[in-house]
Amino acid sequence: MHYIQYGIGCLLSLLLTGAKGHEDKLFTRGPAFAAYPYPTFFIECPGIGASGSRMDIAHAYDGSGYFPELRWPITTPDTQEYVLVCEDPDEPLAAPVIHGLYYGIPPVLIGLHRSDFIEADSRNDPYRLRGGFKYGANSGGGVYLAPQPARGQGPHRYFFELIALNHTIDQSKLSPMATFDEIARQIESKIIGWARIWYDHKLEVRFHDRDSGWFFDSSYLDLDQCFGVNNSTKELIPQDNGKAVSKCKEEGRPCTLHELKKTYTMELVCDCESVKGRINLDDTIGPEFDRDNAVAECFGHKGENSADMMKSEPESGL
């Protein structure tokens, strides 16, 4: 059954990823994959869903930036190591943005949890993670660069590609922090299969018009421009360019957005040393509702227009 679902997913993935036409830049389109041009096994992410799903705020830079939990089938006997690449081909650059590069993943593993991506002993064994494998260089300089599309570019796709190798990588030929090109050279003639799953993401704030029952998504409204902190009480408040979100992010406890299911509105929640509180965005941020030109606004700061108008479902229960 899994393989039937996987086959359907692959077909949809091929149709959908062709929409932007940038997938030729992906790692798995390189010359090392000439014998395996298509995925040979499946990979899944229970926390987000099938390929093509929208990545939630918990896995994005704007939220907690967690690495998605991944699962795959039991390893074949000839698999000696896995390599995992996370990349965004939709940035307007010659090469994809690398969000994560991991190698030496033990073949006994059939999944990865976000706790596997914590550094184990950076002083005595640099670049090794708690999952028992190492991380290489990415575009952000750390263990993992959580998705954060540039403003004005719309949604970006984030590909997680797991490659099975029949021989281990010779780590003596790698830099202390292995590079993308070094890994690409090392996997040549060692590939025996691979899997892929992808998600898209854009910063979303959802607003709701109670009278009409309509809601809309407005992208890239910087909430730092809308909320600040009461210095005497540390309470989260509406404030022009108050930078409440950045303050919590700097403390390592980023604010989060939660959807209120009964009202189809979003709530901003901050719980760090500098800022504490929760605010319903529908009560504090514009716009004056306009179905033809819906723009989120606070203190004169405007988000992108959104043409994605939808009809909300009626509330049920209390």
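**Cysteines and overall build**

A: Of the chain's 318 residues, 45% count as buried (under 20% relative accessible area; exposed is over 50%, partly exposed in between; 1.4 Å probe, protein chains only). This is a predicted model, where local features need pLDDT of at least 70, side-chain atom pairs count only at pLDDT 80 or more, and totals for chains, interfaces and linings use all residues. Residues are numbered from 1 along each chain as its sequence is written, and side-chain values use heavy atoms, with hydrogens and water left out.

Q: How many disulfides does the structure hold?
A: Two, taking a disulfide as a pair of cysteine sulfur atoms within 2.5 Å.

Q: Which residue does C248 pair with?
A: C272. The S to S distance is 2.1 Å.

Q: Where do C248 and C272 lie?
A: C248 is in helix 3 (residues 244–250). C272 is in the loop between strand 15 (265–271) and strand 16 (276–280). The pair therefore ties together parts that are 24 residues apart in sequence. Helices (H or I, at least four residues) and strands (E, at least two) are DSSP runs, numbered from the N terminus.

Q: Left-handed or right-handed for C248 and C272?
A: Left-handed, because the torsion about the S-S bond is about -70°.

Q: Are C248 and C272 buried or exposed?
A: Both C248 and C272 are buried.

Q: OK, the other bond. What is the sulfur distance for C255 and C270?
A: The sulfur atoms of C255 and C270 are 2.1 Å apart, and the two form a disulfide.

Q: Where do C255 and C270 lie?
A: C255 is in the loop between helix 3 and strand 14 (256–260). C270 is in strand 15. So this pair ties together parts that are 15 residues apart in sequence.

Q: And why is the C255 and C270 disulfide right-handed?
A: Because its S-S torsion is about 110°.

Q: What relative accessible area do C255 and C270 have?
A: C255 has 4% and is buried. C270 is buried too, at 2%.

Q: What about C45 and C86, buried or exposed?
A: C45 is buried, with 3% relative accessible area. C86 counts as buried at 1%.

Q: Switching topic. How many helices and strands in the chain?
A: Four helices and 19 strands.

Q: And the contacts between residues at least 6 apart in sequence, how many join residues at least 24 apart?
A: 66% of them, with contact meaning heavy atoms within 4.5 Å.

Q: Last one. What does the accessible surface of the chain come to?
A: About 15,800 Å², by the Shrake-Rupley method with a 1.4 Å probe; for residues, only the protein chains shown count as cover. Carbon and sulfur atoms account for 51% of that surface.
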